[in-house]
Amino acid sequence: MTINIILLGPPGAGKGTQASKLVDERGLVQLSTGDMLRAARTSGTEMGQRVAAVMDRGELVTDEIVIGLIRERLAEGGKGFIFDGFPRTTAQAEALDALLKRHNTAITCMLALEVPDEELIRRLLNRGKESGRADDQDEKVIAKRIVEYNAKTAPLKQYYSQQQKFHGIQGVGTIDEIFQSLTTQIDQYPA
Ligand code: AMP
């Protein structure tokens with residue numbers, strides 16, 4: 001059985017860090033819509049230019065755009081995927097289920113990194129200094145992203161709970177401790 005994992009969590013929860021460890025240690029393919037959108041901006045594509053202002057405000061880009069990005073990437077194939085920053089709305093989750101079905105596979109589980117808001121803000125401001133990401137440098141934009149997460153993305157917990165695929169993971173601790181919690185959960189599923 002192919003393993004397809006969704007890493008859920010508010011901005012700053014450590015999804016990207018943990019996803020890249022899962023790539024290294026489990027050979028999964030990381031699909032990050034945030035990285036894809038940033039790449040589209042940098043290369044100056046028409047879509048990249050269209051989404052730039054939305055991202056800079058800390059709002060979500062349209063479902064249609066991100067679903068299109070994932071659809072293209074899934075068509076290239078892979079042994080198993082780790083979805084990082086996608087889905088972020090129920091419409092995206094429904095589209096993902098349908099796309100995976102067409103590829104004769106399905107989501108194995110959703111692992112949600114849980115981190116208190118004050119810790120998220122501290123981490124994001126630090127990352128802003130180090131990475132230069134504009135959306136990590138402005139406290140108002142960070143706050144907006146957390147509001148968007150709570151309003152539109154957190155309801156996905158329920159969506160995957162209904163499918164018995166949801167697991168909350170304590171997202172505070174060392175990178176290795178958190179990774180250990182994630183892999184313990186993943187190993188409950190047949191490889
Ligand atoms: P991230 O790197 O995942 O924090 O994403 C950075 C920004 O890209 C977000 O604040 C959104 O503007 C946009 N974005 C990334 N993934 C999605 C998604 N699945 N749905 C809508 N907007 C997204």
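Helix α1 (residues 15–26) packs with helix α9 (residues 175–186) at an angle of about 60°, their axes being 11 Å apart; helices here are DSSP runs of H or I with at least four residues, strands are runs of E with at least two, and both are numbered from the N terminus. Axes are lines fitted to C-alpha atoms, for helices over the stretch in contact, and angles run from 0 to 180 degrees between N-to-C directions. That angle makes α1 oblique to α9, given that angles under 35 degrees count as roughly parallel, over 145 as roughly antiparallel, 65 to 115 as roughly perpendicular and the rest as oblique. The crossing of α1 and α9 is right-handed, a term for a near helix turned clockwise from the far one by less than a right angle, with anticlockwise giving left-handed. On the α1 side T17, Q18, K21, L22, E25 and R26 take part, and they meet I175, D176, I178, F179, L182, T183 and I186 in α9, where contact means heavy atoms within 4.5 Å. By class, this contact of α1 with α9 has 6 nonpolar, 3 polar and 4 charged residues (Ala, Val, Leu, Ile, Met, Phe, Trp, Tyr, Cys and Pro count as nonpolar, Asp, Glu, Lys and Arg as charged, and the others, Gly among them, as polar).

The model is predicted, so local features need pLDDT of at least 70 and side-chain atom pairs count only at pLDDT 80 or more, while totals for chains, interfaces and linings use all residues. Residues are numbered from 1 along each chain as its sequence is written, and side-chain values use heavy atoms, with hydrogens and water left out.

Turning to the sheet, 5 strands in the order β2-β3-β1-β4-β5 form an open sheet with parallel pairing, two strands being paired if DSSP finds at least two bridges between them. Its edge strands, β2 (29–32) and β5 (166–170), each pair on one side only, and the twist averages 25° from one strand to the next. Strand β1 (residues 5–8) runs parallel to strand β3 (residues 81–84) and is joined to it by 3 bridges, with I5 standing opposite I82 in β3. Helix α1 lies across β1, β2, β3 and β4 (109–114), running at about 170° to β3, whereas helix α2 (residues 33–42) lies across β2 and β3 and runs at about 65° to β2.

A further helix pair is α4 (residues 63–75) and α5 (residues 90–102), whose axes come within 10 Å and cross at roughly 20°; the two are therefore roughly parallel to each other.
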